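Here is a quick tour for anyone meeting this structure for the first time. Have a look at it, then read on.

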Amino acid sequence: AAPGGVGRELAMGAVLKRESATADWYAGMESFPGPFGRVELSTTDTMSRHLTDLAGRFASGDTRCTTLAAAASFPHSAALMFHFLASLAEADGKVQSAAFWERFSAVVGFRAALLRPDDGG
């Protein structure tokens, strides 16, 4: 906050571009062809299918594909994480987008319905 107590919000990208120590790093990061960046659509599709397949395995309780104790102990949480990553990849890495929430909210809603207690009726 400024001396007068007024805070100012800054975009991290602008700060990183402006500072000489991080400008080259930021430029390199921007040009990196990662899974949410500039890659072939087939690469994103393949990754998304693989993540969705892993989510299905974990959701069914099949944890033979992992040695990570937390994932094996909480397979439904791992399944949600894989669905989250697949949804993120399909939405070009933008969580705050309609494309992401159209995909991911369906998964969250389905899981929430499974967790709903039986009303005995």
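## Helix α6 and its buried side

In α6, the buried residues are F100, F104, V107 and R111; buried means under 20% relative accessible area, exposed over 50%, and partly exposed in between (1.4 Å probe, protein chains only). Keep in mind that this is a predicted model, where local features need pLDDT of at least 70, side-chain atom pairs count only at pLDDT 80 or more, and totals for chains, interfaces and linings use all residues. Residues are numbered from 1 along each chain as its sequence is written, and side-chain values use heavy atoms, with hydrogens and water left out.

Helix α6 covers residues 98-115, and its 18 residues reach 25 Å from first C-alpha to last, close to the 26 Å expected (1.5 Å times one less than the number of residues). Helices here are DSSP runs (H or I, at least four residues), numbered from the N terminus. A kink of about 25° in α6 is centred on F104; the bend at a residue is the angle between axes fitted to the seven residues ending there and the seven starting there.

## Where α5 comes in

Part of what covers the buried residues of α6 is α5. Take S87, which sits in helix α5 (residues 75-90) and is buried at 4% relative accessible area. Leaving out residues up to four places away in sequence, S87 touches F100, R103 and F104, contact being heavy atoms within 4.5 Å.

There's also a salt bridge between the side chains of E90 and R103 (2.8 Å, N to O); the term means a side-chain nitrogen of Lys or Arg within 4 Å of a carboxyl oxygen of Asp or Glu. This pair links distant parts of the chain, with E90 in helix α5 and R103 in helix α6, 13 residues apart. E90 is partly exposed at 33%, and R103 is partly exposed at 32%.

## The aromatic cluster

F84, F100, W101 and F104 make up one aromatic cluster. Rings of Phe, Tyr and Trp (its six-membered ring) pair if their centres lie within 6.5 Å; planes under 30 degrees apart count as stacked, over 60 as edge-to-face and the rest as tilted. That gives six aromatic pairs. F100 and W101 have ring centres 4.8 Å apart and planes at 90°, so they are edge-to-face. F100 is buried at 0%, whereas W101 is partly exposed at 43%.

Technical notes
Helix = DSSP H or I, 4+ residues; strand = E, 2+ residues; numbered from the N terminus.
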